[in-house]
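Welcome! Please have a look at it first.

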There are 2 protein chains.
Amino acid sequence: MAIGRSVPMLDSVARVKGEVDYLVNLRLLNMLVGKIVRSQSPHAKLLKVDTTSALQVPGVVAILTGADLGASAFYGAAIKDQGVVAVDRVRYVGEPIAAIAAESLDAAEEAALLIDVEYEEMSSVFDAREAIQSGAPTLHEKYPNNVFIHSRLRHGDVEAAFAEADEIFEDTFTSPLAQQSSLEPHVTAARWDGEQLTVWAATQAPYMVRRVLSEIFGIEQNKIRVIVPSLGGAYGGKGHIRIEPLAAAMARKTNGRPVKFVLSRAEEFVTVTKHAASITLKTGVKRDGTFTARQVTIYWNGGAYADASPLLIPQGMVRSVGPYRIPAVHVDSIGVYTNLPPAGAYRGAMSSQTTWAYESQMDIIARRMGWDPLEFRLGNLFVSGDQFATGETLHDVHFVECLEEAAKAMNASSPLAPIPKMGQGKRGRGYGVMMKSTVSTSKSQARMKLDDDGTLTLFTSTVEMGQGAHTAMAQIAAEALGTAFEMVRVVGPDTEITPFDSTTSASRSTNMMGNAVLAASAAVKKKLIELAAPLLETPAEELRAENGKVLANEAFIPYAEILKRNGLNSLEESGEYSTASKLDPETGQGISTPHWHQGAGAVEVEVDTETGKITILRYTASSFAGRIVNPRMAQLQNDGNVIFGLGPTLMEEMMLDGGQVTNPNLADYPIPSIRDIPVELVSVCIESEEGELHGIGEMTLPPVAPAVANAIEDAVGVRIKDLPITAEKILQALKEKSQP
Amino acid sequence: MAIGRSVPMLDSVARVKGEVDYLVNLRLLNMLVGKIVRSQSPHAKLLKVDTTSALQVPGVVAILTGADLGASAFYGAAIKDQGVVAVDRVRYVGEPIAAIAAESLDAAEEAALLIDVEYEEMSSVFDAREAIQSGAPTLHEKYPNNVFIHSRLRHGDVEAAFAEADEIFEDTFTSPLAQQSSLEPHVTAARWDGEQLTVWAATQAPYMVRRVLSEIFGIEQNKIRVIVPSLGGAYGGKGHIRIEPLAAAMARKTNGRPVKFVLSRAEEFVTVTKHAASITLKTGVKRDGTFTARQVTIYWNGGAYADASPLLIPQGMVRSVGPYRIPAVHVDSIGVYTNLPPAGAYRGAMSSQTTWAYESQMDIIARRMGWDPLEFRLGNLFVSGDQFATGETLHDVHFVECLEEAAKAMNASSPLAPIPKMGQGKRGRGYGVMMKSTVSTSKSQARMKLDDDGTLTLFTSTVEMGQGAHTAMAQIAAEALGTAFEMVRVVGPDTEITPFDSTTSASRSTNMMGNAVLAASAAVKKKLIELAAPLLETPAEELRAENGKVLANEAFIPYAEILKRNGLNSLEESGEYSTASKLDPETGQGISTPHWHQGAGAVEVEVDTETGKITILRYTASSFAGRIVNPRMAQLQNDGNVIFGLGPTLMEEMMLDGGQVTNPNLADYPIPSIRDIPVELVSVCIESEEGELHGIGEMTLPPVAPAVANAIEDAVGVRIKDLPITAEKILQALKEKSQP
């Protein structure tokens, strides 16, 4: 049994010894250093980009500007509005205007200073709600009011349902621009061998990168190879196209020499962000504790280019409803251009913002109505068989269990000893639950190669980014094939080597790629049985493959032996798994996801009423995991989500001045450190009998912010609606409360 | 239709421009130069290998000697007698004793001179027939009489059959030690990344290399990656294990730095050779022109190590019988150790030696019996339905057609104009026919990836070595899938990327890998039809896939569109093909091959009776090709075989002095040049209706030597039985004839 065992990560020793081959360490023969020259204006026409002096700097090999690019050099998941580098206009501070390939970083940086850029400034707008006002500057002429997507969900008669409500609540919750903050920055190396392009990319989606590069450069996909080594984190920030086109375009100018770009932390801040969001929830409740209606209006700040937002914002729509029975639901999920860096996926994508809203409002309602927040939730949570706002019937949902497990761990706890120096401390408890769709139409393929020494190689385009996906896949393969975990090697992603996978994101891999691995295993076993049948002189139907052997009633042959006796050095088989789902574009009705991610959290906080300082005393996270592949890694995912989630909850916010990020470093933009980990942190993974394999990379993150906000209100009676919940905001709110 | 078209080779432009990535040009980051230190003694105990001084040379990074190696560091296809480097004994001049890895070739060469080797000489033997005499020195204690293999074929009662003969002929024919002489030498680079080994090898058998390295180093096969770029020729010389183990062992001592070995031409001569052979044929004929019996005794000079000889010598047994109906046949095919470099496969392996014997004797018999050599052959050649000496029934054999086509082209020719300065010229005509088994038990797998832009990538471990195999595979794939040839890219071999194939040798690839490609194509089409069925709203059984589309009666969808509409970026399918055959080890009875290679030649020569100079006036080569994939490339193969075959016929012979090769360079060991090409060279490829795809890399080679010898006897009445047929031998024979 390989599934259910807490085997160590496949490369854990290499990780500890610092020997993982991260892309920042990649060295290629004759490799040049790439450097990006970026816009200093938030919105301007480019009058001149003069590289004459820069090209004179010794060591500079080539410089790429918009003049090198054809009309096809624009990309974007649905709207091709983003140039490989800016051509005649820039729309945010930090937008690439040129790139330099040089023998050294010093030479590149010297040249960067010598590129002469002349701007004609245009007026700018940074806030989504301002950008949709008439008179606001337009970023893209095709979208005069800056709205590039508007997703609608229409379920039931909301107006009639509000009329039936005893109380109607309307609140607006905001999340600021934030960073995915993977420790490894964006890195890409590219090399052209004639018309053949090889790209080494720190990406979550190698096949997406390949396809987009093919479109941009007008070459066949089978001439492009995208290789992805182990990533040092990604969290959605590497989920779509980033600097890969720029690196490939730069490398096309260097006469076959490879070029590598490694972004600085400051560049990270202008490369991709978490969508700033403003979410207004209008919710009708009845005195019996049930809902009548909910209307959601979300403005997502997409930044200057649509990027992946047209894929994410419809998901944000579905993810904004919440895990409660509400008969009538309308959602408007609106994407808006502003003069900020493009926004993209962020761990618990879109749910991080929407759960903040709906779980905060749950407590506002409960407190105003005089109900216990926990009981109010438990009474309304979806159970299997309920209908969701998309019209789909829910299966295998365990929200009640998740919340009860989280609450039980919290309520069963004995009181914590007082924390030294926290004399002013007031304590409170809060809860949060989340419901998240995964990516809907997607596909995974896996290939297996069994060698005649019994070793198994699994070829997968699932990206290992520290989450342990390759370890999980090796466990699934070992279990399915009945072979030792230690015999399995995992290879990929490399689009030349490993078969198609849509993306490593949305916690889809354990389920989708896991099922592809199961299918490949089944194919290998079938083949082994066919090959063994004549050797065992038994019909294939009477044979079974287990524990590395094909068995008849009395006799058996090890897999390796079956190959050898058939003169096979190796055999290869593939498997695949796909899901398709579709919502009506007018009403958002249909099937939105093959599976719902489910998580909950319970938290006890202490608030220092003198300083506003918030201490997380204990946090209990729970998630529904179907069937757990690796208990220890699953628990670490749950824990990691909580710690990660404390960042946007308590401290993370990109500060801007005229479109310029003013805290683009991890000193001024703090992320949770070891000292921010809750005094007590408990994780519960809920399994179900005959549960499927599921990813759990995000489920315990979105509940963190509202659970903490709810606990703070429980402790000191103030309600914060704008993330992050800083000490300053608490103090200000306490002051306002005491001086009504 | 992609099959049957003379498309240019896939990389023809790169070839013309000198841009093919031959391994000699490979540069890796931090790569070291490898240099082999070789034995200067043909047979000695190694008393000392002292590297102390050599290690002091600046730039020397590491030195490998026998002391580094474990007991497992011996290899060989059947007998593991060959060390990665010599441990305590050397058995031929040129045997590796040590290897040096250095920053430069100069440093390595300086260090090589400083390695202090002390020998205790032992007596040596170089000739196979001497080596089996009692009292000859023994090379390997396990084989005291130096015979390491003795293959026997026993078909019918030979003694009784000889008794029925009217005449019995007994002749011995010899072939000397010769070189495969690919222009690219043996090259291997190796790099260890921890326990992971990557080898870039100029080999015909990447999976064989992987398996042997796994055994030598005791690591799992899935931790070894063997990459094979395009080869600059191989001709069997790269068909088994050569310097790959040594390169890998050397690289293990360099702390992760890759090492590349490029052999010099002189080293090529001591790395692998064509088996020197002495073949005695005893043949009984009746006055009616039929055979009664044949007894064949072959001594193959295997050199100091068995290498691949235990696989080749049983094949030599089958290939020594010839394409004629002979009721009783006995063969003894005997492999003998001598103090010479190991022998291996050589284009037209073993047939080159055996055809020389049996086709020379055909003319001896015909002339002595007063029969026309052509008619004598035609009257006895096998036809389909005949039984071969192994007991198997022959199918799809076209020897008569091959010979008739060759003869027709010759006899229909008008006389050539006299050649200037050849006043003493006498002209004659000769014929040769050959029958060759291919490798018997073997397997090919192919994988295809269809991308959603309609491009197809074919993954194959078939080695491109200038023969055009990748082009042929692309044509087969394009035809089978009904897609444009230009859309197909071929990748491989790379054991990490491309699936298993036994070897690229014995002209097996077009047939075996071709069939695997057909199987993969069928799987892709099946999958496309399944995916298209719901789109076309037609049951899969009523759909067909042709010309890049799936078609229903009224409607169709292009392949690319089927993928896109199913949300698939690509799809992958595999196919395989295998053959198994087996001969009884005591009697050689059974099935020896899935297919017989068939070729013939007719030649007109002019012999200068004053100088002995032989001029090939015209040569007509014919081969049976089943169904021809690429007519132009097929013709070039036929032509190339003839030109190649003129080398061992007229000029090639390794000269030795005390086991030391005295002509190890292409000045003193001439191979055919452009000036040696026949004045007229014609090729005929014979196809059959519904013929299978067949390789034709060797068929017109083995007949060259006997056809020329036969034409010489026709011209000047002398018979040469020892290759090569030099002017000196002709003059000597003419002199002996005129002074009886």
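Two strands pair if DSSP finds at least two bridges between them, and helices (H or I, at least four residues) and strands (E, at least two) are DSSP runs numbered from the N terminus. This is a predicted model, where local features need pLDDT of at least 70, side-chain atom pairs count only at pLDDT 80 or more, and totals for chains, interfaces and linings use all residues. Residues are numbered from 1 along each chain as its sequence is written, while chains are lettered from A and ligands numbered from 1 in the order in which they are written.

- Within β31(A), Y619(A) stands opposite V603(A).
- β31(A) pairs with strand β30 (residues 596–608) of chain A in the antiparallel sense, over 9 bridges.
- The hairpin of β30(A) and β31(A) has 5 residues between the strands, and G612(A) there takes a positive phi near 80 degrees.
- With strand β34 (residues 680–687) of chain A, β31(A) pairs in the parallel sense over 8 bridges.
- S683(A) in β34(A) is the bridge partner of A621(A).
- Strand β31 (residues 614–626) of chain A has 11 of its 13 residues buried, so it is largely enclosed by the rest of the structure. A residue is buried if 20 or more other C-beta atoms, placed from the backbone, lie within 10 Å of its own.

**Domains**

- Chain A is divided into domain 1 (15–122 + 182–234 + 238–269), domain 2 (273–439 + 585–738) and domain 3 (442–579); the bounds come from an automatic or database domain assignment.
- The C-alpha centres of domain 1 and domain 2 of chain A lie 35 Å apart.

Methods. Buried ≥ 20, exposed ≤ 12 C-beta atoms within 10 Å, placed from the backbone.
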